Protein chains: 2
Amino acid sequence: MKANYARPLDVKRGHVDLSHGSGGRAMAQLIEELFASEFSNEFLAQGDDGARLADPCGRLVMATDAHVVSPLFFPGGDIGCLSVHGTINDVAVMGAVPLYLAASFILEEGYPLADLARIVASMARASRAAGVPVVTGDTKVVERGKADGVFITTTGVGVLREGIDCSGARARPGDAVLLSGSIGEHGMAIMSLRENLAFDAPIVSDTAALHGLIGELLGAVPQLRTMRDPTRGGVATTLNEIARQSGVGMLINEAAIRVTPPVEAACELLGLDPLYVANEGKLLVICPPEHADAALAAMRAHPLGVAANLIGYVQEDDRHFVQMQTRLGGRRIVDWLSSEQLPRIC
Amino acid sequence: MKANYARPLDVKRGHVDLSHGSGGRAMAQLIEELFASEFSNEFLAQGDDGARLADPCGRLVMATDAHVVSPLFFPGGDIGCLSVHGTINDVAVMGAVPLYLAASFILEEGYPLADLARIVASMARASRAAGVPVVTGDTKVVERGKADGVFITTTGVGVLREGIDCSGARARPGDAVLLSGSIGEHGMAIMSLRENLAFDAPIVSDTAALHGLIGELLGAVPQLRTMRDPTRGGVATTLNEIARQSGVGMLINEAAIRVTPPVEAACELLGLDPLYVANEGKLLVICPPEHADAALAAMRAHPLGVAANLIGYVQEDDRHFVQMQTRLGGRRIVDWLSSEQLPRIC
């Protein structure tokens, strides 16, 4: 049942104002004309305070992520598609099939409606492409200077695949460590923009939904121990988290980790180590060594895994160190990220 | 597996800094020492990017709410318990049993850790009291001046009760409209604080989780048509939403709507109509008239519904007007909230 508003929302020239978060008529109009038309699906159309969904027929998985990336638009994406991909990936790496997303917006008074519409359209495209609908949402508005344009929290639920048991706690000495492609694109796309680095071709974020790749991979190798998307803190921090959670160490091979020349150049310019730079479309996999070849083959057969590589092995280590065999033949310890290298990267 | 940090988090004198959102060691420590210890449960303890939950055995319901209330602490509650109650209520009014919550935090650099710890403790208390665990979460930090202390988005999932079909679209002419108690306490608790209104006794927010009351009510009267918690925009706006969604009108009786004297006094001082003021622990119910007495009895038997009242009836009306029989015997139209009456009330 559509309402009649005095005039349509002026998406071209209008701005977010406090009334758009009031719960009243202006909010209803914003939701109808800007959100619901883009996200259009049977669940949102219910028009209640939440969404009634299907029986997932299995164990649930739930993940949530706040997105505060700055700037909001960057080569390869924007906060809209990022917020869809990020949460789909968090559900998918648990070994679950992502089913539904909830989206909550915190908007700053004065933000241009045209930019908000671009963000929402990008979210909707990403959600449709992934086949994971945004089924419910919320919008709040805060005064100018009390937020930074747009923050989006997405929450995903999915259903755990039967017979799959993936966790950061399951890595065992001897397991192979695989990585789906080159590292650092997302973080360096953002940093290059912030620092006004000019390249012949801009570094493009790798933001992508990994559930398709993961589906293929689990079909081929259901024995996987651990999957993670190495976002904030990069591959180095994610490996350290897994090492700690599983009570093991790791030895990785620098030469096997791909870094594209533009990312390498930008990292050198800014004094950053690509191992600590965020990715938004890469997958770290740990699996028993006898399944490594099959897992690599399955990953390389998918467009998001063509550059997949074996990058190292899990080993016994009471100190839970992640060590790296360097290109020069030495070894060094790859520690946790300990300072704020890249704020607001996602 | 706990990590060893150089020193424990200084919760008494410390502040949030950008490293707490970096994905690195400082973030891990914040999560361990401030969040995980409070929310402690088997799901969070899994330590992955999401949580593996049980099979809900039925149709899912999902709801999400961003909380940006200002000030963060108020008589009767704070953003922490509010963010738990608000989302539990959104799931419960769909006729579902709330099962799990996800919590995502956006923190402003410089926010005192001691205050954050109070908020988290309040969330954890509310979650335990409600029996709905916080199973997964996320933390982001933005620079000073890019947020306002703490924003919290909570997302809830629940399972729909068999045989229950509640929706804002199901109100039918002749149905009774019930309200669980007096109105405006939450909004006026916030506004009195903001406007420095001094009363002998402060107005206390009614923030509360309604799923217990709703469980009793649905046990007694499974035929309920609609439940809603009248938050932003108040009872007036919520009734208008239902009228529009169901394609009906309503006639409500001013004398039957309870407003406590302090709320009435504060509203008069500030020129506000309590019908438009937010509640965070009240329930609007629409049910077939023959079940109104049973529904009222069930509500009054619960501590959160002792002051429940029949406040009016649904009627046919192609214009979907909500009308009010005033105390003086006249009738007026109760329109949607059309301006921003009370920003950042929840």
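This briefing covers a sheet in chain A and one aspartate in chain B. The model is predicted. In chain A, 7 strands form an open sheet with mixed pairing. In chain B, Asp78(B) is buried and has no salt bridge.

**The sheet of chain A**

- The strands of chain A follow the order S9-S11-S8-S12-S10-S13-S14.
- Strand S9 (226-228) and strand S14 (331-333) of chain A are the edge strands, and each pairs on one side only.
- From one strand to the next, the twist averages 25 degrees.
- Strand S10 (residues 249-253) and strand S13 (residues 322-325) of chain A pair in the parallel sense, over 4 bridges.
- Asn253(A) has Gln325(A) as its bridge partner in S13(A).

**The helix on the sheet**

- Helix H6 (residues 234-246) of chain A packs on the sheet.
- This helix touches strand S8 (176-179), S9, S10, strand S11 (284-287) and S13 of chain A.
- The direction of helix H6 makes about 150 degrees with that of S9(A).

**Asp78 of chain B**

- Asp78(B) sits in strand S4 (residues 77-78) of chain B.
- The nearest side chain of opposite charge to Asp78(B) is Arg125(B), 5.2 Å away.
- A polar atom of the Asp78(B) side chain lies 2.7 Å from the backbone nitrogen of Gly80(B).
- The Asp78(B) side chain also reaches the backbone nitrogen of Cys81(B), at 3.1 Å.
- Leaving aside neighbours within four places in sequence, Asp78(B) is in contact with Leu72(B), Phe73(B), Ile119(B) and Ser122(B).

Terms used
Residues are numbered from 1 along each chain as its sequence is written. Chains are lettered from A and ligands numbered from 1 in the order in which they are written. This is a predicted model: local features need pLDDT of at least 70, side-chain atom pairs count only at pLDDT 80 or more; totals for chains, interfaces and linings use all residues. Side-chain values use heavy atoms; hydrogens and water are left out. Two strands pair if DSSP finds at least two bridges between them. Helices (H or I, at least four residues) and strands (E, at least two) are DSSP runs, numbered from the N terminus. Axes are lines fitted to C-alpha atoms, for helices over the stretch in contact, and angles run from 0 to 180 degrees between N-to-C directions. Contact means heavy atoms within 4.5 Å. Buried means under 20% relative accessible area, exposed over 50%, partly exposed in between (1.4 Å probe, protein chains only). Lys and Arg count as positive and Asp and Glu as negative; His and the chain ends are not counted. A salt bridge is a side-chain nitrogen of Lys or Arg within 4 Å of a carboxyl oxygen of Asp or Glu. A polar contact is a pair of N or O atoms within 3.5 Å; within protein, one must be able to donate a hydrogen and the other to accept it, and residues adjacent in sequence count only if both atoms are side-chain atoms.
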